[in-house]
Structures are given as structure tokens and as C-alpha cells.
Amino acid sequence: MKLEEYFEEYKKRFDKLKKISEEVWNYIDKNIENANILELAKNIEEKIKELGAKPAFPVNISINEIAAHYTPEENFYIDLEKHMVKIDFGIHIDGYIFDTAKTYYKGIHQEIIEATKKAFEESLKEIKSGNKINIPGKIVEEIASEYKLKPIRNLGGHGLGYFKIHDKPSILNTFFKTEEEFISGMPIAWEVFITNGNGYVKDSYPALIFEIKNIDKINLIRVAELRKIIEHAYKEFKTLPFAKRWLNFEKNLVELAINEGVKKDIIYEYSVLKESKNSFVAQFETTIIVE
Ligand code: MN
Ligand code: MN
């Protein structure tokens with residue numbers, strides 16, 4: 001698909017995507033307190049379907065030092081006095097994605113929430129055609145430093161492609177050298193992460209979120225039962241991320257299929273991203289069309 005055509009198709013669906021995401025946020029606002037994170041993630045995913053879209057990736061519920069890419073597989077109860085909870089969900093209609101996140105927290109480090117919210121809102125205003133794509137990050141850096149905090153320098157916003165959650169351009173949370181400018185009509189997922197730690201995230205395992213990247217290599221999987229699981233995942237989620245709990249097969253087989261898929265370079269695994277000093281991280285994100 002040509003870029004102009006993609007922009008046009010995206011625009012047709014944007015209002016609906018935005019409206020559904022707002023209704024999902026209303027649902028989360030009412031249900032987050034003391035929630036069981038596994039139940040909450042499943043209920044959010046159900047809500048998205050009820051409202052006429054599909055989850056673009058497993059709902060991320062990342063707590064405290066975990067910045068992103070954690071999706072619950074086990075029961076755990078939220079206590080907002082102790083837990084800085086980042087909920088990040090994506091929805092899509094026909095492969096056109098809307099990506100959004102917000103932090104909930106009632107504990108003593110309110111300055112992190114305040115700084116992240118302010119940096120997010122101020123930097124968002126600079127996402128407009130003609131502006132260089134390094135301006136938002138520069139603003140985030142400045143506002144974080146006013147609070148003596150740091151942005152996560154290896155995370156940031158991104159373009160959204162057709163059935164592709166992370167597309168070009170990559171827009172860091174700090175200033176970086178580039179001549180690239182925002183293009184009118186382009187959908188951008190802009191997200192800001194701020195921490196009271198070192199300001200970068202490290203990979204942590206086991207991974208909980210996966211994505212099919214090379215379905216053409218499927219014949220490298222010799223066991224038919226395992227091949228069937230990966231083929232099913234591709235049919236259902238295409239090139240969008242998924243979780244093990246989305247695969248309704250015997251647990252051991254799912255485990256094996258994913259391990260084999262990763263080994264054979266058919267499946268990409270998203271490592272869990274943890275702040276390098278295990279410090280608190282807050283996040284806010286929304287999706288806009290560049291004007
Ligand atoms: Mn997101
Ligand atoms: Mn995102």
C-alpha cells in the first residue's frame with residue numbers, strides 16, 4: 001500500500017478508534033482499584049471486542065520498575081498505594097492501529113506522575129508537520145530535568161503501520177540528531193516514559209509477548225502439532241503481537257511451539273523492559289494524526 005493511501009484509510013477509521021479507546025479508558029478507570037491484573041487484562045481485551053475493534057496486542061499492565069511489555073499470565077492484585085501501574089493497550093480495525101497508555105498510582109512519588117503528564121502534554125503539542133521529530137524528546141528531557149528526573153532514553157514514540165505496531169519513524173524521549181520532519185496525515189503513537197532511576201531500560205526474561213516475523217520459515221518446524229499452533233497464530237493475529245493466553249491449545253504445546261518458533265527465527269519475542277536501577281517508571285501515550 002502506498003503511504004498516501006494508507007494515511008487515507010487510517011483517517012477513515014480514526015474517529016471510531018479514538019472513541020472506542022475513550023470508552024475502554026472509562027472502563028479501566030472504574031475497575032482498576034484492587035483489580036486482579038490477569039482478570040483486568042482479559043476484561044479489557046473483551047471490552048475492546050464488544051465495542052467493535054480488536055486488541056492490537058495483549059494488554060500491557062506494567063508495575064513499578066517494569067516500563068513496558070509485561071502482560072499478566074498469573075493472578076496478582078493491584079494496590080495503587082504501592083504500585084505504579086502503567087496500562088498500555090492497543091486496538092485495531094482492519095489492521096489500522098490506535099495505541100494508548102496511562103499510569104495509575106496513589107503512592108508517595110507523585111512527582112513522577114506529574115512530570116510525565118506535563119512532559120507528555122507539552123511535547124505532544126510539537127508533533128505537527130514541519131517540526132523536526134527530535135523536538136518532542138527535547139521538551140521531555142527539559143521537563144524531566146526540572147523535576148530532577150530522567151526520561152527513558154531508549155524508549156519513545158513510533159509510527160503505526162498496517163498490522164505493524166512499531167513502524168518508522170522512531171521518536172526518542174530525548175533529543176537526538178536528525179533532519180527528519182513530521183509529515184501531515186501520518187499517524188503517530190507518542191509516548192513518554194519518565195523515571196527516578198538511571199533513565200534506560202534493560203531486557204528481562206522470560207518474554208510474555210510474541211509476534212510472527214517470518215511465516216515463510218514455518219516448514220522449519222517439523223512437528224505438525226506445533227506448526228498448527230503457529231499457523232493459527234498467524235491467521236488470527238497476522239504480524240501483530242500476541243500472548244500465550246490467546247492461544248487456545250494445550251499449554252505445553254503452546255510453550256513448545258513458541259520456543260521452537262523463536263529458535264527458528266519465525267517468532268520474535270518482546271523482552272520485558274525493566275528500568276536499569278529498578279526504579280519507578282511512569283508512562284503516558286496517545287495516538288494522533290499529524291496536522
Ligand atoms: Mn502502547
Ligand atoms: Mn506505543
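User: What length should α5 span, and what makes the model agree or disagree with it?

Analyst: This is a predicted model. The expected span is 1.5 Å times one less than the number of residues. α5 has 14 residues, so it should span 20 Å.

User: Which residues of α5 are called buried, and what makes them so?

Analyst: They are L226, I229, I230, A233 and F237. Buried means under 20% relative accessible area, and each of these five residues of α5 counts as buried.

User: Which residues line the largest cavity?

Analyst: The lining is made of I212, I229, I230, A233, F242, L247, A257, I258 and I267. A lining residue has an atom within 4 Å of a cavity point. Both α5 (224-237) and α6 (251-263) give at least two residues to the lining. The largest share, 3 residues, comes from α5.

User: What kinds of residue make up the lining of the largest cavity: nonpolar, polar or charged?

Analyst: The count is 9 nonpolar, no polar and no charged. Ala, Leu, Ile and Phe are among the types that count as nonpolar.

User: Which residues are the protein donors of the manganese ion (ligand 2), and what makes them donors?

Analyst: They are D99 (OD), H158 (NE2), E191 (OE) and E285 (OE), at 2.1 to 2.2 Å from the ion. The cut-off for a donor atom here is within 2.8 Å of the metal, so these atoms qualify. Along the sequence, the donors follow the spacing D-x58-H-x32-E-x93-E.

User: Which residue coordinates both manganese ions, and how far apart are the ions?

Analyst: D99 coordinates both ligand 1 and ligand 2, and the two ions are 3.2 Å apart. D99 is in strand β5 (residues 96-104) and E191 in strand β9 (residues 187-195). The two residues are 92 residues apart, so this pair links distant parts of the chain. Both D99 and E191 are buried.

User: Why is N34 called exposed?

Analyst: N34 has a relative accessible area of 54%, and exposed means over 50%, so the word applies. N34 lies in the loop between α1 (3-31) and α2 (37-50). Its phi is positive, about 55°, although N34 is not a glycine.

User: Why does K148 count as exposed?

Analyst: The relative accessibility of K148 is 76%, against a cut-off of over 50%, so K148 is exposed. K148 is in the loop between α4 (135-146) and β6 (150-151). Phi of K148 is near 55°, a positive value in a residue other than glycine.

User: What is the peptide bond from Y205 to P206, cis or trans?

Analyst: That bond is cis, with omega near 5°. P206 is in strand β10 (residues 201-212). A cis peptide bond also joins K168 and P169, with omega about -5°. P169 belongs to strand β8 (residues 164-172).

Note on methods. Residues are numbered from 1 along each chain as its sequence is written. Chains are lettered from A and ligands numbered from 1 in the order in which they are written. This is a predicted model: local features need pLDDT of at least 70, side-chain atom pairs count only at pLDDT 80 or more; totals for chains, interfaces and linings use all residues. Side-chain values use heavy atoms; hydrogens and water are left out. On a 1 Å grid over the protein atoms alone, a cavity is a set of points where a 1.4 Å probe fits but cannot get out, and a pocket is an open set with protein on both sides within 12 Å along at least five of seven lines; lining residues have an atom within 4 Å of a point. Helices (H or I, at least four residues) and strands (E, at least two) are DSSP runs, numbered from the N terminus. Buried means under 20% relative accessible area, exposed over 50%, partly exposed in between (1.4 Å probe, protein chains only).
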